[in-house]
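Have a look at the model first, then read on.

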Amino acid sequence: MTHWFSSLYANIDAMRLDEFAAGLTPDVEVVVGNHPAMSGRHAAKEGIGYFFSTIQGLRHHFVNVVESQGLTFLEVKVDYLRKDGRQVTIPAVTVLERRGELVKSLRIYFDVAPVYV
């Protein structure tokens, strides 16, 4: 099933950083886990780019998608390919807000520790 955010996640899963950033508003706010918010497209691109540099790959599997009152809630399972070649799967929830066709807020809630342990 194709959703409005499908190309955003295709770019994330392919680790295409420039294309990912192009899907964000200039004033986007991105929060990943318990890390401080990244404000603005440039900060989000740098932060997500750093994360990409710590893994070999990732793949999102959508479990549930709910859209309500201007928000999109995603329940996902994410397969991460670690630098050592091992794969771990982590459940996550993401809350998206958009302005027009771009993402203005992206909040990802998950425990990333298994990727690095």
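**Strands, helices and a pocket**

Q: Which residue takes a positive phi in the hairpin of β3 and β4?
A: This is a predicted model, so local features need pLDDT of at least 70 and side-chain atom pairs count only at pLDDT 80 or more, while totals for chains, interfaces and linings use all residues. Residues are numbered from 1 along each chain as its sequence is written, and side-chain values use heavy atoms, with hydrogens and water left out. The hairpin has two residues between its strands, and the one with a positive phi, near 50°, is glutamine 69.

Q: How many bridges join β3 to β4?
A: Strands here are DSSP runs of E, at least two residues long, and helices are runs of H or I of at least four, numbered from the N terminus. Two strands pair if DSSP finds at least two bridges between them. Histidine 61 has lysine 77 in β4 as its bridge partner. β3 and β4 run antiparallel, and the number of bridges is 11.

Q: Which strands stand at the edges of the sheet?
A: The six strands form an open sheet with mixed pairing, in the order β2-β1-β6-β5-β4-β3. An edge strand has a single partner, so one side of it is left without a neighbour in the sheet; that goes for β2 (38-39) and β3 (57-68).

Q: What residue stands opposite arginine 98?
A: Strand β5 (residues 87-99) pairs with strand β6 (residues 102-109) in the antiparallel sense, over seven bridges. Over in β6, the residue opposite arginine 98 is valine 103.

Q: What angle does the direction of helix α3 make with that of β1?
A: Contact means heavy atoms within 4.5 Å. Axes are lines fitted to C-alpha atoms, for helices over the stretch in contact, and angles run from 0 to 180 degrees between N-to-C directions. Helix α3 (residues 41-53) packs on the sheet, touching β1, β2, β3, β4 and β6, and its angle with β1 is about 45°.

Q: Which element gives the largest share of the lining of the largest pocket?
A: A pocket is an open set of points on a 1 Å grid over the protein atoms alone, where a 1.4 Å probe fits, with protein on both sides within 12 Å along at least five of seven lines; lining residues have an atom within 4 Å of a point. Of the 29 lining residues, the closest to the centre are Val32, Ile48, Phe51, Ile108 and Phe110. The largest share, five residues, comes from α3.
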